[in-house]
Amino acid sequence: MKRIAAFLLAAVVLCGAASAQSGRVPLTRLSLGEIGGWIALDLELGGQRGRWLIDTGASRNLVSPALARRLGLQPGGTVIADTVLGQVRGGEVKLPALRLGGFERPAQSALAIELATLIGAASEGIDGVLGVPFLDGVQLDLDLRDWVATFGRSEPSDCSTGSSAVPLTRHRTLPVITLAVGEPAVAQAYVLDTGNPAALVRVVASSPDAATPGLAVPGGHRLTLLPQATIGMQKRTDVPVLRVAAPALVKSFEGRLHGLAGTAFIDGARWRLDLAHDQLCVEAGSVATPGGFGLALERFGGELRLSTILAGGPAAQAGLREGDVVTRWPGGDTGRPLAELWASVQGRDEIVVGVGQPVREVTLRRALFAPPAVP
């Protein structure tokens with residue numbers, strides 16, 4: 001009997017240990033542009049596999065109404081939640097256990113909302129969003145060099161060799177990091193927001209006008225390039241900065257924060273995020289943000305078109321124009337979803353694009369072409 005009891009105890013310990021860590025979970029870059037993107041992964045919820053996003057800028061977990069219906073989740077009363085894009089409404093549902101490899105996270109709630117209202121075309125094939133409630137209590141090792149992650153129980157621990165701890169604070173539950181920007185360095189605080197596919201987004205109260213420094217981009221925004229920004233022992237160079245008018249967000253920041261630090265800012269490095277202990281471990285080193293091709297894509301009817309050509313960029317210099325029909329794109333069929341088209345050029349310094357009929361092929365090489373930012 002003692003041997004049986006010891007065996008059962010060992011089994012319980014082993015099962016508990018197995019559920020404490022997820023193992024290496026593959027990540028997928030979901031992008032609708034030249035750099036950055038959303039961080040997607042596959043997980044199991046209520047026995048169903050699905051694709052979810054990791055969003056450190058979401059104050060609530062989110063689930064698509066379609067998945068909620070498939071799982072028979074009955075929404076309670078309507079709840080209003082704050083996001084960096086404004087307020088969203090949804091029925092609150094109780095989620096079954098979420099499983100990532102050997103790691104299980106029970107007792108989670110979520111808002112059932114149409115994800116397209118938040119992330120547009122990037123919502124295609126996405127079942128939900130893992131926000132701060134999921135991450136609070138989880139130690140997340142986020143490797144954006146190899147694009148894998150490890151999830152485990154939050155426990156006090158020192159940063160691993162080659163990385164250092166940096167101060168992490170909160171603003172309305174969201175994690176906030178402080179960057180040393182420019183030379184001489186100026187301290188600026190940003191929400192760490194992996195739900196933002198860009199690098200740094202500086203929010204301002206009113207729309208930038210023609211006199212505002214920077215390159216004009218769609219939406220009335222202005223794009224500049226920051227020579228460097230440092231966090232802990234990590235230096236980021238050639239950082240794109242998008243200036244965006246968001247009066248409500250400026251008000252909510254209460255004069256404390258400058259904006260959002262997104263996926264393109266943390267890409268190419270390793271991080272450990274532990275919100276339960278307000279700890280962020282940052283890999284030491286220097287990371288340069290790659291340049292761009294200076295174009296954007298859109299679907300117009302059954303055609304793939306160039307929706308934007310940025311002044312001074314490689315596409316503009318090659319003579320491409322807004323409205324050109326794209327008839328050839330790296331990786332094959334131009335009828336693929338936009339995210340797949342952009343995935344086929346991630347990591348490439350040079351691409352060949354064909355436009356029109358007969359096809360005119362042009363070679364584009366990544367370049368830095370936005371004017372310098374003012375810290």
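How many aromatic pairs does a search of the whole structure find?

Guide: The search of the whole structure finds two aromatic pairs, where rings of Phe, Tyr and Trp (its six-membered ring) pair if their centres lie within 6.5 Å, and planes under 30 degrees apart count as stacked, over 60 as edge-to-face and the rest as tilted. One of them joins F134 and F151, which are edge-to-face, at 6.1 Å centre to centre and with 70° between the planes. This pair links distant parts of the chain, 17 residues apart, with F134 in helix 4 (residues 132–135) and F151 in strand 13 (residues 148–153); helices (H or I, at least four residues) and strands (E, at least two) are DSSP runs, numbered from the N terminus. Both F134 and F151 are buried, a word that means under 20% relative accessible area, with exposed over 50% and partly exposed in between (1.4 Å probe, protein chains only). W329 and W342 also form an edge-to-face pair, with 5.5 Å centre to centre and 80° between the planes. W329 lies in the loop between strand 28 (326–328) and helix 8 (338–343) and W342 in helix 8, so this pair ties together parts that are 13 residues apart in sequence. W329 counts as buried at 5% relative accessibility, and W342 is buried with a relative accessible area of 1%.

This is a predicted model, in which local features need pLDDT of at least 70 and side-chain atom pairs count only at pLDDT 80 or more, while totals for chains, interfaces and linings use all residues. Residues are numbered from 1 along each chain as its sequence is written, and side-chain values use heavy atoms, with hydrogens and water left out.
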